[in-house]
Amino acid sequence: MSLLPIGVGAAALFALVAWIGPFLVRTAAPVLMRAPRLAVFGLLSVPLMWWAVVAALSLMAASLFKGPDVLPVPLAEVCQRCLIAASPFPGLAQVDTLVPVVLFLLFPLMLSLVSAVWGLYQQARRRKANSAAALRLRQDTAVADIDGRSLSIIDRQAPFAFSLPQKYGGVIVSQGLWASLEQNELTAVLEHERAHVDEGHHRIMAVVDTFVRPLSFIPLFAEVAASIPHYLEIAADDRARKTAGTPALASALLKIGQTSSVTDRLSGPYALNIAGPDRIRQLVSPASMTSGVLPVVALASVLAAFVTVFSSVFYSYATVLVTGCVMP
């Protein structure tokens, strides 16, 4: 069996995901908006599996290529035999290259190490920003009890509402918005923001900021990073309108308008806020799902292909490790 068809197939799949994927994400919107929470996890899985497949293919390449020996010869021979024994394609002939095999082994290790360090750095940065926002807000907020749950009301006349993770303050509503909303509109706003807190939307955004946004130079990663906040807002809208009704939520959105600059200044860059009357069309007259079916099927197929490649490669290597690297 030749290595060429596998290489061409892998290159075609990555081209599809990296360059055609954004078009699929955008055109799948009519379907994804009907199931926003599922859409968030599905979209997030595509770039994360892209990372996993890159690591898996690097391991596989280590068994398919031969290069100059960097390690001591006995150790290099043992590693090479072990890699060949674990390869999911043991019948393939090896190809001579000028690249030392050890680099293919170090690549997924370095990729994982850099990702872990970057994730810890981003986590520390988010904690610092959220702590600073919570300290700022404590100076101007009063706590009220609504429906048995505490709510922070900030002394500002601009109408806005946003949420931080519960430990940093949870839901915050401005005095101006509090005074301007009817009871059912206030219920809609609070349910929207509580959905962000209760359903862990801030943690999802932390994953996006750590593992997806840094690779936004890849079109698919940029599109996923831009789309997920939108679907989180729709998911929160779904909970709000189930409790307060669509008219109340739409009316509240109109009164809030676009206030992201105000909330950014007060709450830092990691708050989620309800602002955005552009979602009213989705609330009152959602688009037909017909045009989004094929793009969703294509995205699901790409994700299934990624899972298949990743699981087949790592199952083979895990089996060899579990059995003590028994070589033929």
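Colleague: What should I know about the model before we start?
Modeller: It's predicted, so local features need pLDDT of at least 70 and side-chain atom pairs count only at pLDDT 80 or more, while totals for chains, interfaces and linings use all residues. Residues are numbered from 1 along each chain as its sequence is written, and side-chain values use heavy atoms, with hydrogens and water left out.

Colleague: How many salt bridges does the structure hold?
Modeller: Side chains of opposite charge can pair when their charged atoms come close. Here a salt bridge means a side-chain nitrogen of Lys or Arg within 4 Å of a carboxyl oxygen of Asp or Glu. On that basis, the count is 10.

Colleague: How many residues apart in sequence are aspartate 209 and arginine 126?
Modeller: Their side chains meet in a salt bridge at 2.8 Å, N to O. Aspartate 209 sits in helix α8 (residues 201-212) and arginine 126 in helix α5, so the pair ties together parts of the chain separated by 83 residues. Helices here are DSSP runs of H or I, at least four residues, numbered from the N terminus.

Colleague: Are those two buried or exposed?
Modeller: Buried means under 20% relative accessible area, exposed over 50%, and partly exposed in between, using a 1.4 Å probe and protein chains only. By that rule, both aspartate 209 and arginine 126 are buried.

Colleague: Which residues are linked in a network of salt bridges?
Modeller: Arginine 239 pairs with glutamate 191 at 3.0 Å, N to O, and with aspartate 198, where the closest N and O atoms are 2.9 Å apart. Arginine 239 lies in helix α9 and aspartate 198 in helix α7, so that pair ties together parts 41 residues apart in sequence. The network's members are Glu191, Arg194, Asp198 and Arg239.

Colleague: Which side chain makes a polar contact with the side chain of histidine 196?
Modeller: Histidine 196 is in helix α7 (residues 183-198), and counts as buried because its relative accessibility is 0%. A polar contact is a pair of N or O atoms within 3.5 Å; within protein, one must be able to donate a hydrogen and the other to accept it, and residues adjacent in sequence count only if both atoms are side-chain atoms. At 3.1 Å, the partner is histidine 192.

Note on methods. Helix = DSSP H or I, 4+ residues; strand = E, 2+ residues; numbered from the N terminus.
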